[in-house]
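Subject: Structure for you to look at

Dear colleague,

I am passing on the structure we talked about, with some notes on what was found in it. Please keep it open beside you while you read.

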Amino acid sequence: RYPDAAIDVVDDSFLPYRLIHAKIERLATGFRWCEGPVWFGDMRSLIWSDIPNNRMMRWDEETGAVTEFRKPSGFANGATRDRQGRLLSCEHGSRRISR
């Protein structure tokens, strides 16, 4: 159903960014605390950090499978891609940015 009842706008300044035809979809469960999602369009996958478990996870759009992408991850808690498409991660375990 649209709009998705699971989306609750608590601040009206968010309304211009809300996509009425978007819905919430759970991709995976079983994680304690996740952060830093980054989309890899060329791999059709989403990478994110499972911080307490010291790993990064990967969701594959084609298969729907969730696998470990990197372990240990240095307790990575944020990620992005540089202009060459490489993954950059903020690792709070080693207080560094890795590529």
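Two strands are said to pair if DSSP finds at least two bridges between them, and with that in mind you can follow the notes on the sheets below. Please also bear in mind that this is a predicted model.

Let us begin with the sheet of four strands, which is open and has the order β1-β2-β3-β4, with antiparallel pairing. Its edge strands are β1, covering 34-40, and β4, covering 66-70, and each of these pairs on one side only. On average, neighbouring strands of this sheet are turned by 30° against each other, if direction is ignored. Within the sheet, β2 and strand β3, which holds residues 55-60, run antiparallel and are joined by six bridges. If you look for the bridge partner of Trp48 in β3, you will find Met57.

Strand β6, made of residues 87-91, pairs with β7 in the antiparallel sense over three bridges, and Glu91 stands opposite Arg96 in β7.

Next comes the nonpolar core. In soluble globular proteins, nonpolar side chains tend to be buried together. In this model the largest nonpolar core has six residues in all, namely Val38, Phe40, Ile47, Met56, Ala76 and Leu87.

Leaving aside residues up to four places away in sequence, Ala76 touches Ser49, Ile51, Met56, Arg70, Ser89, Cys90 and Glu91. Ser49 itself lies in strand β2, which spans residues 45-50. Is Ser49 buried or exposed? Ser49 is buried, because its relative accessible area is 0%, and buried means under 20%. A polar atom of the Ser49 side chain lies 3.0 Å from the backbone oxygen of Ala76. With the residues up to four places away in sequence again not counted, Ser49 touches Trp33, Cys34, Glu35, Arg55, Met56, Ala76, Asn77 and Gly78.

With best wishes,
A colleague

Conventions: Residues numbered from 1 in each chain as written. Predicted model: local features only at pLDDT ≥ 70, side-chain atom pairs only at ≥ 80, totals over all residues. Heavy atoms only, no water. Core = buried A, V, L, I, M, F, W, Y, C linked by side-chain atoms within 4.5 Å. Buried < 20%, exposed > 50% of the residue type's maximum accessible area, 1.4 Å probe, protein only. Contact = heavy atoms within 4.5 Å. Helix = DSSP H or I, 4+ residues; strand = E, 2+ residues; numbered from the N terminus. Polar contact = N/O pair within 3.5 Å; in protein donor to acceptor, adjacent residues only side chain to side chain. Axes fitted to C-alpha atoms, helices over the stretch in contact; angles between N-to-C directions.
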